[in-house]
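Please keep the sequence and the model in view while reading.

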Amino acid sequence: MEKEKTLRDSVLVRWSALGIVAFTMMAAYFVNDIMAPLKTMLEANLDWTSRDFGFFTGAYSFLNVFLLMLIWGGLMLDRFGIRLTGKIAAILMVLGTSLQYYGMTADISAEATFFGYKQGVFIAAAGYSIFGVGAEVAGITVTKIIAKWFKGKELGTAMGIQVALARIGSQVAYSVSIPLAKSFSISTPVLLGLVLLVIGLITFFIYAVMDRKLDKQEDYAEEEDESKFSFKDVKNILINPGFWLIALLCVLFYSCVFPFQKFASELMINKYGISDNLAGTIAGLPALGALILTPVFGIYLDCKGKGASIMMLGAAMLIGVHCIYALPFITNYLVAIILMIILGIAFSLVPSAMWPSVTKIFPARQLGTAYALIFFIQNIGLWGVPNLIGWVLDNYCVVGNENNANLYDYTTPMFVFTGFATLSFIVAYLLKVADKKYGYGLEKPNMKDC
């Protein structure tokens, strides 16, 4: 007897579901990157230092790392489902961004401090940390949504397109941040992000209606009960060698990309003489590259496979990019732009292969927790690396002062990023070796018929 068709069997409906949740993530990525190009303006207008900026940037991951909020979010996702977890995540993003905006606009004395940081910086960082909990939990939720709706279908392509759409948010953030701040105020870009997040919250509630209908059609809840998540599964995840290799690759690779982008606008201005109006756009080129290429690589992975090899290639490209950025005698702006484009290609290769690979290593009931644990380890890097780079800049890299803001030599920070990239390549190689040993199927296509 032929199985009755459900919503996910409709091409239009399942891709519409993806588009709806992808908008929420697009808004999240916009807010996540909107402050990055403003580093110099924050120093000049709000008296922030590089250490303040590093503290703020690292705050994104603080609650996820030290209060284990991301892990609790993953457990919640597997225990209570997509709809409740996604709604809570979206609400947290709105609340956190509201607090971040308040920290930037409140009339607080410049001398007032909290835990050694200016009160405005601390409040903005606290908001960004709450936002970070929501954004990371939303990320694992959306990943599980895609696995649910596209299992046995265009999984790699769907994940690639979701990443690409998220990168639109990043690219727009890098492009409009400085022009908006100059035309209105330094807090205006954050206010725009807040509005987008509110719309994203509404769209997720719309998705929840579709998801509930799909569950009724497929008796999904009943299916989940048969293989319900157990806390013993955490142990099974942690003893899986594939978990540790994917997690290490994730933290090392993303530590070379996201923290670097937070400081890249200033690098473009200080080293390559690029105007501040264009610096953010150039720093956002990796997001633009991911927008175009991640779906292409996702289609390739669906049809041809080679996921482990692709992750190795992306990591190797990252080594070259950061190493050349570190060379003090290369200061031509065209080189800087070309390197950003190459970084964008690497930024497309690794995620397009990494996230579908997790679904091959773990069963569906463990996916939420597996992604949460991987994201948790990733967040350790996203917290620590910006703080490290900010500390290095303030203590070893100041070479002058202009318009009330410091000028920096980025040679040492770029060698730090090169080191992380080299380690990511080594882990990617070990993952390929483990794939052959344990038979994860990372080199196999995602689809049987293509």
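## A network of salt bridges

Arg83, Lys148, Asp211 and Asp215 are joined to one another in a network of salt bridges. The model is a predicted one, and a search of the whole structure finds 9 salt bridges.

Arg83 is partly exposed, at 22% relative accessibility. Asp215, at 14% relative accessibility, is buried because the cut-off for that class is under 20%.

Which parts of the chain does the pair of Lys118 and Asp52 tie together? The salt bridge itself places the closest N and O atoms of Lys118 and Asp52 2.8 Å apart. Lys118 is in strand 2 (residues 117-118), whereas Asp52 is in helix 3 (residues 50-59), so the pair ties together parts that are 66 residues apart in sequence. Asp52 is buried, with a relative accessibility of 3%, while Lys118 is partly exposed at 24%.

A further salt bridge is formed by the side chains of Glu43 and Lys39, with an N to O distance of 2.8 Å. Both residues lie in helix 2 (residues 39-46), where they are 4 residues apart, about one turn of the helix.

## Positive phi values in two loops

Most residues other than glycine have a negative phi. Leu68 has a phi near 55 degrees, a positive value in a residue other than glycine. Where is Leu68 placed? Leu68 sits in the loop between helix 4 (62-66) and helix 5 (69-80). The relative accessible area of Leu68 is 34%, and the residue is therefore classed as partly exposed.

Lys306 also has a positive phi, with a value near 70 degrees. This lysine is located in the loop between helix 15 (285-303) and helix 16 (307-326). Lys306 counts as partly exposed, at 41% relative accessibility.

## A nonpolar patch on the surface

Which residues form a nonpolar patch on the surface? The patch is made of Leu423, Ile426, Tyr429, Leu430 and Val433, which together have about 440 Å² of accessible area.

One of these residues, Ile426, is found in helix 19 (residues 411-438). Ile426 has a relative accessible area of 44% and is partly exposed.

## A buried serine

Ser357 is part of helix 17 (residues 333-361). Its relative accessible area is 4%, and Ser357 is therefore buried.

What does Ser357 touch, not counting residues up to four places away in sequence? With those neighbours left out, Ser357 touches Ile246, Met311 and Leu442.

Technical notes. Residues numbered from 1 in each chain as written. Predicted model: local features only at pLDDT ≥ 70, side-chain atom pairs only at ≥ 80, totals over all residues. Heavy atoms only, no water. Buried < 20%, exposed > 50% of the residue type's maximum accessible area, 1.4 Å probe, protein only. Contact = heavy atoms within 4.5 Å. Patch = residues over 30% accessible without salt bridge, like charges linked within 9 Å, V, L, I, M, F, W, Y side chains within 5 Å. Areas by Shrake-Rupley, 256 points an atom, 1.4 Å probe, with all protein chains shown as cover. Salt bridge = Lys/Arg side-chain N within 4 Å of Asp/Glu carboxyl O.
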